[in-house]
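Please take a look at the fold and packing of this protein model. The report below moves through single residues, helix pairs and nonpolar cores.

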Amino acid sequence: MTADPQSHQALIDRLGTDLVPVRRLLPPGLRTAGWLLLVAALAAGLLMHYGAGPMLRRWAATPDLAWAGIGAVITAISAAWAAFALAVPGRRAAWAWLPLPGALLWIGASGLGCLRTWLAPGTEVAGLQQSADCLLFIIGFSIPLSALLVVLLRRACPLRPVLAAVLIGLASAAASASLLEICHAFDSAATDLLTHALAVAAVVAVNAAMGGRLLSKA
Amino acid sequence: MAAAQAGDRRAYEKLLADSVALIRAVARRQGVAPDHLDDVVQETLITVHRVRQTYDPSRSYDAWLGAIAARRAIDSLRSRGRRDSRELHDEFALDRHPDADDASAATESEQRAQRLHEAIAELPPGQREAVEQLGLRERSLSEAAELTGRNTGALKVNLHRALKALRERFHGEP
């Protein structure tokens, strides 16, 4: 099983024979921007369809929802950035903490929405059917967004596949939740929040379970 | 590495050869057993080749290589851990059924002994006697002197000359 210096040299010779020029990977920031471009395109499409009016009216009425939306956007950007940074060998593992502030804002502000039914009894609250729509929306958008991130990360070298997969899941779930803000017809309530949490957890968990395998081959 | 990314084969091969020492050091620090260091080196070199597009020339090559080597070292420890947990360890059985050296090593050492005996046989009689008595039978100088009827000084000189002759014969140096 053990190899001696000669076999190292033989391997190095073989790798040298295989050597072809490679295009260097773009910096993580630019690669993140590329992925966000797709999210922005989806957002633009939804905005054209639904218009910005309902979203802004809702935000004006319930500022904490606006904060939750902003938190989701920040989480999506920072989680994607952290995933791209960690896919480059030698970057510090501390990058994984980057999405934390955004996620705290997102979760914290949505948690306030939980109290909405008591705070403002007049607001329209999501029924079970609408909550199921939310679930499908988040999961439906997360799948292509995650898939794209997996493809992009496989071009790099994620040495911690499971951590990278969790970040992918977080980024795509947060991006989907941000997109949902545009066409959300109602204010968040306990049921709605639970659905969101469920959807995000499902997306993150599926990525962690599958992504680890998908990414480690890279 | 920047040159290697552009396709410079000579720079690449030199870089990889120079990397072996660092990979070994990283793997050793991770706790890889000395026998398995070379496996980690090979795995790391292959990974480096596959992901060479991820190296950014504005950053440290050693940090980049070190991260890959550390990951491959951990992979090696994990796979070995899994294998060890499946295999049966029975020290007693191992002791009772010692795994002798492989046949080629045994033959080789036999041949070496044979050549040494032939060389001793071809020594001049005085020198051969000195080697046989003092070297092979491990007798003391006085015992050997009594047995051979030579004085101890002559035995010492003969042994010295015999060893020198044998050394010259096997290593080709005076």
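B:Thr47 counts as buried, because its relative accessibility is 2%, under the 20% cut-off. This is a predicted model. B:Thr47 sits in helix H3 of chain B, which covers residues 37-50. Its side chain reaches the backbone oxygen of B:Glu43 at 2.9 Å. Leaving out residues up to four places away in sequence, B:Thr47 touches B:Ile68 and B:Arg72.

Helix H7 of chain B spans residues 125-136. Its buried residues are B:Gly126, B:Gln127, B:Ala130, B:Val131, B:Gln133 and B:Leu134. Just after H7(B), B:Glu138 takes a positive phi of about 55 degrees.

How do H7(B) and H9(B) lie to each other? Their axes come within 8 Å and cross at roughly 95 degrees, with helix H9 covering residues 152-171 of chain B. The two helices are therefore roughly perpendicular, as angles of 65 to 115 degrees count as such. On the H7(B) side, the contact uses B:Gly126, B:Gln127, B:Ala130, B:Val131 and B:Leu134. On the H9(B) side stand B:Leu155, B:Asn158, B:Leu159, B:Arg161, B:Ala162 and B:Ala165. By class, the contact has seven nonpolar, three polar and one charged residues.

**Chain A overall**

Chain A has nine helices and zero strands. Along the sequence the pattern reads α-α-α-α-α-α-α-α-α. Chain A has 218 residues, and 45% of them are buried. Take the contacts in chain A with a separation of 6 or more: 87% of them join residues 24 or more positions apart.

**Helices H3 and H4 of chain A**

Helix H3 of chain A covers residues 53-61, and helix H4 of chain A covers residues 63-86. Their axes come within 5 Å and cross at roughly 120 degrees. That angle makes H3(A) oblique to H4(A). From H3(A), the contact is made by A:Arg58, A:Trp59, A:Ala60 and A:Ala61. From H4(A) come A:Pro63, A:Leu65 and A:Ala66. The contact has six nonpolar, no polar and one charged residues.

A:Leu65 lies in helix H4 of chain A. It counts as buried because its relative accessibility is 4%. A:Met55 is ten residues away from A:Leu65 along the chain, and their C-alpha atoms are separated by 9.9 Å.

A:Ala68 is also found in helix H4 of chain A. With 7% relative accessibility, A:Ala68 counts as buried. Beyond its neighbours within four places in sequence, A:Ala68 is in contact with A:Leu105, A:Trp106, A:Ala109 and A:Ser110.

**A:Ala177 in helix H8**

A:Ala177 lies in helix H8 of chain A. At 4% relative accessibility, A:Ala177 counts as buried. Setting aside neighbours within four places in sequence, A:Ala177 is in contact with A:Trp106 and A:Ile138.

| Residue pair | Separation in sequence | C-alpha to C-alpha distance |
|---|---|---|
| A:Leu65 and A:Met55 | ten residues | 9.9 Å |
| A:Ala68 and A:Trp106 | 38 residues | 4.3 Å |
| A:Ala177 and A:Gly69 | 108 residues | 7.8 Å |

**The nonpolar cores**

In soluble globular proteins, nonpolar side chains tend to be buried together. Which residues have the most contacts inside the largest nonpolar core? They are A:Trp35, A:Trp106, A:Leu153, A:Leu179 and A:Leu215, and the core has 45 residues. Several elements of chain A give two or more residues to this core: helix H2 (28-50), H4, helix H5 (100-113), helix H7 (128-155), helix H8 (161-183) and helix H9 (190-216). The largest share, 14 residues, comes from H8(A).

A:Leu153 is one of the residues with the most contacts inside this core. Not counting residues up to four places away in sequence, A:Leu153 touches A:Ala83, A:Phe84, A:Ala87, A:Pro158, A:Ala164, A:Ile168 and A:Leu215.

There is also a second, separate core of 30 residues. Its members include A:Leu11, B:Tyr12, B:Val26 and B:Trp64.

Notes: Residues numbered from 1 in each chain as written. Chains lettered and ligands numbered in written order. Predicted model: local features only at pLDDT ≥ 70, side-chain atom pairs only at ≥ 80, totals over all residues. Heavy atoms only, no water. Axes fitted to C-alpha atoms, helices over the stretch in contact; angles between N-to-C directions. Helix = DSSP H or I, 4+ residues; strand = E, 2+ residues; numbered from the N terminus. Parallel < 35°, antiparallel > 145°, perpendicular 65-115°, else oblique. Contact = heavy atoms within 4.5 Å. Nonpolar A, V, L, I, M, F, W, Y, C, P; charged D, E, K, R; others polar. Core = buried A, V, L, I, M, F, W, Y, C linked by side-chain atoms within 4.5 Å. Buried < 20%, exposed > 50% of the residue type's maximum accessible area, 1.4 Å probe, protein only. Polar contact = N/O pair within 3.5 Å; in protein donor to acceptor, adjacent residues only side chain to side chain.
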